[in-house]
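Let's take a friendly walk through a protein model together. Keep the structure in view and look up each part as it comes along.

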Amino acid sequence: MKIAVVGTGYVGLVTGTCFAETGNTVTCVDIDQEKVKKLQNGKITIYEPGLEQLFERNLKQGRLAFTTNLKEGIEGAQIIFLALPTPPGEDGSADLKYILKVADDLGPLLKDFTVIVDKSTVPVGTADKVRERVAKGAKVEFDVVSNPEFLREGVAVEDFMKPDRVVIGTNSARGRKVMEQLYQPFVRQGNPIIFMDERSAELTKYAANAFLATKISFMNEIANLCESVGADVDSVRKGVGTDSRIGKRFLFPGIGYGGSCFPKDVQALAKSSSDVQYDFKILKAVMDVNADQKTRLIPRVKEYFNNNLKGKTIAVWGLSFKPHTDDIREAPALYNIDLLLEAGATVKVHDPEGMENVKKLVGSKIQYCETPYEAAEGADAVFIATEWPEFRTPDFEKLSSLLKAKVIFDGRNLYDLSVMKELGYAYYSIGREVVHG
Ligand code: UDX
């Protein structure tokens with residue numbers, strides 16, 4: 001099939017590349033000329049494991065192309081995906097200006113029956129709005145379908161290629177048929193395509209993300225309670241998660257969830273609810289808990305250094321909001337770095353992928369180090385903000401020799417308490433006993 005993808009952010013680029021990989025001809029459209037030039041020249045613009053290889057291959061074989069020209073990009077396309085940003089507006093609702101602008105532009109450009117697909121996470125009712133806007137200029141028939149993405153950054157290619165499910169919202173038999181055909185290669189293993197109406201599909205995306213965020217915030221509260229009552233959250237997590245009704249995943253406590261989806265989607269769902277006079281009480285609690293959780297370890301750090309961080313150096317390991325991505329949007333690390341700097345500490349950081357993005361945002365207020373050990377050299381403590389695999393089994397002997405004192409504040413519960421005790425570290429984590437070193 002011939003496909004166009006409008007928007008070449010994380011979702012658009014993964015979507016376009018993966019559809020090309022299954023034999024479709026894909027043209028990606030973006031208004032950012034510099035980005036498009038890079039992509040045309042074979043330079044990938046995001047870090048996503050496995051994507052570069054697919055991108056290069058499909059580009060070389062002519063199944064993947066890039067343009068800034070919408071008219072040219074959608075020429076002959078049977079399906080047009082809208083993978084555009086929906087940033088939160090001032091009141092927390094998703095801002096649809098990019099999507100609706102493209103919908104306006106698309107109408108007059110359509111030459112034949114086309115399926116227009118909302119891929120972006122959009123509030124309930126957006127498909128109707130897009131339909132209205134396209135209809136104003138269109139002279140041919142078209143369908144608007146909702147097809148939310150459930151891609152986790154860092155494993156987006158795998159999630160795209162082997163989805164747990166594909167959700168398609170459409171009441172049109174014609175649109176359904178086209179989408180079913182397109183997704184066949186991805187559901188061969190038997191995972192379902194779930195068809196529903198547009199509004200239900202739009203809400204499914206928010207419900208899934210809000211539920212996962214709730215799971216995390218719930219477990220973070222259990223962890224906090226563990227600290228107060230002397231229980232161990234690792235044991236509680238295992239005890240709870242092995243109940244198949246609950247499930248093991250997304251029960252890991254830490255310094256909160258971040259990223260481009262959970263914070264934004266929970267907020268947007270709360271706003272959509274209040275717009276229809278529904279008071280979604282749980283969501284407010286989820287957001288409150290997460291806001292506090294992000295900097296949960298800072299009082300511990302201050303307490304440890306007798307409320308005086310002036311002259312102290314903290315090595316922050318991890319900047320990205322989670323491992324295997326360079327994405328630092330809403331990353332808990334940034335909130336902690338701000339507070340450490342505010343308290344007068346010197347901050348040295350290391351992250352395998354996120355440093356360039358942090359440099360652009362934070363600049364020279366902090367020191368950037370090539371390795372976790374370089375960050376630890378001469379530091380008074382290590383602060384772990386992201387669970388990159390390389391932080392899981394450091395050379396503790398080397399680390400101990402580099403640090404001024406053996407102190408770790410671990411926002412991701414990476415180490416066994418028994419190991420920390422044996423090594424003589426002062427070790428603070430989330431929902432577990434404090435090891436005094
Ligand atoms: C999420 C959804 O998983 C995906 O389906 C959706 O389409 C986009 O949003 P993503 O934001 O890439 O994906 O990351 P995810 O792996 O879901 O993690 C989100 C946040 O939750 C991260 O900050 C992570 O550190 C945190 N998290 C996750 C926890 O704190 N504990 C957990 O047990 C799991």
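We begin at the ligand: helix α9 (residues 198-229) gives the largest share of the shell around it, three residues. Helices here are DSSP runs (H or I, at least four residues), strands are DSSP runs too (E, at least two), and they are numbered from the N terminus.

What you see is a predicted model, in which local features need pLDDT of at least 70, side-chain atom pairs count only at pLDDT 80 or more, and totals for chains, interfaces and linings use all residues. Residues are numbered from 1 along each chain as its sequence is written. The protein chain has an average pLDDT of 96, and 100% of the residues score at least 70; pLDDT is the predictor's confidence in each residue, from 0 to 100. For the complex, the predictor gives an ipTM of 0.91 and a pTM of 0.93.

## Around the ligand

Which residues come nearest to the ligand? Of the 19 residues around the ligand, they are Glu-153, Phe-252, Tyr-257, Gly-259 and Cys-261. A residue is near a molecule if its C-beta atom, placed from the backbone, lies within 6 Å of it. By kind, the shell divides into 11 nonpolar, four polar and four charged residues. In this grouping Ala, Val, Leu, Ile, Met, Phe, Trp, Tyr, Cys and Pro count as nonpolar, Asp, Glu, Lys and Arg as charged, and the others, Gly among them, as polar.

Why does the ligand lie between domain 1 (2-196) and domain 2 (205-293)? Both domains give residues to the shell around the ligand, so it lies between them. The domain bounds come from an automatic or database domain assignment.

Now find strand β1 (residues 2-6). Four of its five residues are buried, so β1 is largely enclosed by the rest of the structure. A residue is buried if 20 or more other C-beta atoms lie within 10 Å of its own, exposed if 12 or fewer, and partly exposed in between, with C-beta atoms placed from the backbone.

β1 pairs in the parallel sense with strand β2 (residues 25-29) over five bridges. From β1 the chain crosses through helix α1 (residues 10-21) to β2, making a right-handed β-α-β crossover. Right-handed means that, with the strands pointing away from the viewer, the path from the first strand over the helix to the second runs clockwise. β1 also runs parallel to strand β4 (residues 79-82), joined to it by four bridges. Two strands pair if DSSP finds at least two bridges between them.

Val-5 links these two pairings: its bridge partner in β2 is Cys-28, and in β4 Val-5 stands opposite Phe-81.

## Other strands

Strand β7 (residues 166-169) pairs in the parallel sense with strand β8 (residues 193-196) over four bridges. Gly-169 has Met-196 as its bridge partner in β8. Together with helix α8 (residues 173-183), β7 and β8 make a right-handed β-α-β unit.

There is also an open sheet of seven strands, with mixed pairing and the order β11-β10-β9-β12-β13-β14-β15. β11 (367-368) and β15 (435-436) stand at the edges, each with a single partner strand, so one side of each is left without a neighbour in the sheet. Inside this order, strand β9 (residues 313-317) and strand β10 (residues 346-350) pair in the parallel sense over five bridges, and Ala-315 stands opposite Lys-348 in β10.

## Two asparagines with a positive phi

Most residues other than glycine have a negative phi. Asn-307, although not a glycine, has a positive phi of about 60°, and Asn-413 has one of about 50°. Asn-307 lies in the loop between α13 (298-304) and β9, while Asn-413 is in the loop between β13 (407-410) and α18 (417-423). Are they buried or exposed? Asn-307 is exposed, with 10 other C-beta atoms within 10 Å, whereas Asn-413, with 21 C-beta neighbours inside 10 Å, counts as buried.

## Pairs along the chain and in space

Finally, here are some residue pairs, with C-alpha to C-alpha distances.

| Pair | Apart along the chain | C-alpha separation |
|---|---|---|
| Lys-38 and Met-196 | 158 residues | 38 Å |
| Glu-221 and Val-286 | 65 residues | 9.8 Å |
| Ala-270 and Lys-281 | 11 residues | 8.6 Å |

Lys-38 lies in helix α2 (residues 33-40), Glu-221 in helix α9, and Ala-270 in helix α11 (residues 262-275). Ala-270 counts as buried, with 23 C-beta neighbours inside 10 Å.
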